[in-house]
Amino acid sequence: MKRLLQLLALAVLILLAVLLYNTLALPQADSRVAELPELQQVMDEGAMVERLAAALRFPTLPDQPDAFVGFHDFLRDSFPLTHQTLSLKAFGHSLLYHWDSNNDCPPQLLLAHQDVVPVSSPEEWQQPPFAGVIDDDFVWGRGALDDKGSLMAILEATEALLQNGQTPACDVYLAFGHDEEIGGREGAVKMATWLEQQNLQFALILDEGGMMLPGSTLGLDRPVALMGIAEKGYMTVELQAEAEPGHSSRPPERTAIGDLAAAIHHLQTHPRPASLSLPTRQMLEQVAPHQPFAKRLVFANLWLFEPLIIRQLESKPETNALLRTTMAPTLLEAGVKENVLPATANATLNFRLAPGETRDSLRAHLRNELPENISVTSKGAFLSDPSSVTEIPSATFDRLAALARALPEQPVVAPYLLIAGTDARHYQHLSDQVFRFMPVSLGQDDLARFHGHNERLSREQYPHMVRFYAGLMLGR
């Protein structure tokens with residue numbers, strides 16, 4: 001017994017030594033800060049905010065083609081030097097600009113989208129969604145965050161650099177899709193195909209995605225800039241249950257609605273397995289040097305503490321989504337009258353696929369989990385597997401991180417798995433350095449404004465967004 005206790009004590013000492021070594025061996029936190037260009041002499045911040053507000057007054061929805069035409073006329077009038085200097089190629093309502101640097105180096109591609117999502121309850125907004133209202137603190141309107149804020153800031157940066165007599169270090173392409181919110185098939189896909197036909201490969205592709213958020217979720221006392229290095233896949237399916245129709249006064253033991261409800265309940269109570277995918281693992285490792293010692297020890301030894309971390313992250317919807325393929329029932333349809341048993345009941349389920357999952361593996365899982373009387377059909381043209389993961393560390397990631405740290409919030413920068421979808425997935429074959437980040441700082445409650453009520457962008461932050469994009473264009 002004494003020998004056994006000695007061996008056990010030795011094993012504990014070895015384990016502690018390994019944990020301490022991994023913790024002390026963590027690299028020092030990267031603190032490099034880029035210098036954002038000084039453009040104050042050519043940047044009229046009041047006029048910039050007015051132009052952003054005007055852009056939000058165009059209801060660029062899929063069923064409003066005239067709004068895109070008017071928006072394009074507005075862009076030409078608002079950014080004359082940009083339209084005199086850069087070449088422009090249209091793909092339907094999508095716009096692809098090229099700024100020739102006259103330098104022989106790999107180009108950069110900046111993405112944003114013109115289209116916005118519909119407004120379901122305008123009466124719930126503090127300001128009318130398409131009025132482009134400016135108050136002391138914010139610019140209000142559908143698209144302020146998603147994604148005209150980025151689009152306008154990129155063009156403001158281009159115009160300011162031209163006014164200042166500056167040109168980019170390498171060629172810059174700007175791709176502004178018109179149908180990102182419905183899959184990007186007519187915009188981003190066609191622009192990406194054309195760029196591939198020109199044999200272009202990009203040193204950097206940057207789209208919307210991550211942003212600066214309070215660091216408290218990750219145990220930080222500073223904001224964290226989440227730099228998307230991958231995004232989840234997207235798949236929608238329709239479940240259909242069938243049963244004998246009849247009168248509600250003599251219901252059978254099983255009904256179509258009951259079977260459908262049971263199927264949904266089963267999927268919700270048996271979610272896909274949770275794990276730390278590469279982007280999430282790298283996020284935790286990147287913030288580890290900024291943690292107190294106890295948390296640093298945990299994050300530096302994920303090989304041992306992964307189950308503990310997963311349990312913690314599972315406790316909140318926003319971090320649970322980083323761990324697994326998620327499912328959300330979004331539409332239900334059944335019945336024609338309150339006293340008639342329907343023959344069919346249908347449910348639409350939206351899945352966001354985690355790295356390692358595919359559409360085929362998810363279909364196989366659903367077929368295995370659901371009874372035979374529940375049919376499963378893919379729905380909609382918008383389907384995608386998870387994106388590839390951008391390999392980091394890299395010089396490009398370091399440059400983006402240094403620019404982010406130069407923003408007033410001075411955030412900790414971390415890689416991130418984007419749980420939503422962007423146009424970037426259509427361009428990933430054109431670069432091995434694809435990132436998803438908007439240089440804007442939001443509170444946790446602001447996340448509901450994406451596709452929700454009261455979308456707005458801070459007036460104070462907007463000029464810093466412009467300088468971020470200008471710094472990105474000037475660097476290499």
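Mentor: Helices (H or I, at least four residues) and strands (E, at least two) are DSSP runs, numbered from the N terminus. The model is predicted: local features need pLDDT of at least 70, side-chain atom pairs count only at pLDDT 80 or more, and totals for chains, interfaces and linings use all residues. Residues are numbered from 1 along each chain as its sequence is written, and side-chain values use heavy atoms, with hydrogens and water left out.

Trainee: Where does Asn103 lie, and which residues does it contact beyond its neighbours within four places in sequence?

Mentor: Asn103 occupies the loop between strand E2 (94–99) and strand E3 (108–113). With contact taken as heavy atoms within 4.5 Å, its partners are Pro168, Ala169 and Asp171.

Trainee: How many Å separate the C-alpha atoms of Asn103 and Glu181?

Mentor: In sequence, Asn103 and Glu181 are 78 residues apart. In space, their C-alpha to C-alpha distance is 35 Å.

Trainee: What is the radius of gyration of the protein, and what does the globule rule give?

Mentor: The protein contains 14 helices and 17 strands. Its radius of gyration is close to the value from the globule rule for 476 residues, so the protein is as compact as a globular protein of that length. The radius is taken over C-alpha atoms, and the rule is 2.2 Å times the number of residues to the power 0.38. The two values are 25 Å for the protein and 23 Å from the rule.

Trainee: What share of the contacts with a separation of 6 or more lies between residues 24 or more positions apart?

Mentor: The C-alpha trace spans about 75 × 75 × 45 Å along its principal axes, and 51% of the 476 residues are buried. Among contacts with a separation of 6 or more, the share from residues 24 or more positions apart is 83%.

Trainee: How far apart do the centres of the positive and negative side chains lie?

Mentor: Lys and Arg count as positive and Asp and Glu as negative, while His and the chain ends are not counted. Each charge is placed at NZ of Lys, CZ of Arg, CG of Asp or CD of Glu. For the 37 positive and 57 negative side chains, the distance between the centres of the two sets is 7 Å.

Trainee: Why does the span of helix H5 agree with expectation?

Mentor: H5 covers residues 148–163, and 15 of its 16 residues are buried. The expected span is 1.5 Å times one less than the number of residues, which means that H5 should span 22 Å. Its span agrees because the end C-alpha atoms are apart by 22 Å.

Trainee: Is Asn199 buried or exposed?

Mentor: Asn199 lies in the loop between helix H6 (188–197) and strand E7 (204–213). Its phi is near 60 degrees, a positive value in a residue other than glycine. With a relative accessible area of 70%, Asn199 is exposed.

Trainee: What is the relative accessible area of His451?

Mentor: His451 is in the loop between strand E16 (434–441) and strand E17 (456–458). Although not a glycine, His451 has a positive phi of about 65 degrees. It is partly exposed, and its relative accessible area is 46%.

Note on methods: Buried < 20%, exposed > 50% of the residue type's maximum accessible area, 1.4 Å probe, protein only.
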